[in-house]
Amino acid sequence: MRIVLTQIENTYDLELMEQQFYTELGIAIRSHRRSKNLSQDYMAKKLNISQTAYSKIEAGKSGFSAFRLRHIFKLLGIDPRIIIAPILEG
């Protein structure tokens, strides 16, 4: 029984860590977007998604593919390591 509970606890911890990662990533993306004076609507159109879907990315409420993340970084003209490394080290 303890093994099962440990597995559940570990899964829960991973889910929390994943949510925290997406939240921090979204905050960083928003900050860089704003520093470039780009709107959420502009980003959404370039990513071929709705503004609502893009807003969820910045709010950390939506996961996304590595391909989409790469496209976001290209649109913002930033090196992904600048954003991701501090989040993973934190």
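Predicted model: local features only at pLDDT ≥ 70, side-chain atom pairs only at ≥ 80, totals over all residues.

Student: OK, switching to charges. How many salt bridges does a search of the whole structure find?
Tutor: Four. One of them pairs arginine 30 with glutamate 58, with the closest N and O atoms 3.5 Å apart. That pair links distant parts of the chain, since arginine 30 is in helix α1 and glutamate 58 is in helix α3 (residues 51–58), 28 residues apart.
Student: Is glutamate 58 buried or exposed?
Tutor: Glutamate 58 has a relative accessible area of 0%, so it counts as buried. Arginine 30 comes out at 22%, so it is classed as partly exposed.
Student: Which arginine does glutamate 58 also bridge to, then?
Tutor: Arginine 33, with the closest N and O atoms 2.5 Å apart. This pair also connects distant parts of the chain: glutamate 58 in α3 and arginine 33 in α1, 25 residues apart. Both partners are buried. Taken together, Arg30, Arg33 and Glu58 are linked in a network of salt bridges.
Student: What about aspartate 79, which side chain does it meet?
Tutor: Aspartate 79 forms a salt bridge with arginine 81, at 2.7 Å from N to O. Arginine 81 has 62% relative accessibility, so it counts as exposed. Aspartate 79, at 28%, is partly exposed.

Student: Let's go back to α2. Which of its residues are buried?
Tutor: Gln40, Met43, Ala44 and Leu47.
Student: Why do those end up on the same side of α2?
Tutor: Because they cover an arc of only 100° around the axis. As a rule, an α-helix has 3.6 residues a turn, so residues three or four places apart point the same way.
Student: What happens just after α2?
Tutor: Asparagine 48 sits there, and it takes a positive phi of about 60°.

Student: Now the core. Which residues touch the most other members of the largest nonpolar core?
Tutor: Leu25, Ile29, Tyr54, Ile72 and Ile83, out of 18 residues in that core. Helices α1, α2, α3, α4 (66–76) and α5 each supply at least two of its residues.
Student: What does tyrosine 54 touch?
Tutor: Leaving out residues up to four places away in sequence, tyrosine 54 touches Ile29, Arg33, Gln40, Met43, Ala44, Leu47, Ile49 and Ile72. That list includes Gln40, Met43, Ala44 and Leu47, the buried residues of α2.

Student: Last one: where is glycine 90 found?
Tutor: In the segment after α5 (80–89). With a relative accessible area of 94%, glycine 90 is exposed.

Notes. Residues numbered from 1 in each chain as written. Heavy atoms only, no water. Helix = DSSP H or I, 4+ residues; strand = E, 2+ residues; numbered from the N terminus. Buried < 20%, exposed > 50% of the residue type's maximum accessible area, 1.4 Å probe, protein only. Arc of directions from axis to C-beta. Core = buried A, V, L, I, M, F, W, Y, C linked by side-chain atoms within 4.5 Å. Contact = heavy atoms within 4.5 Å.
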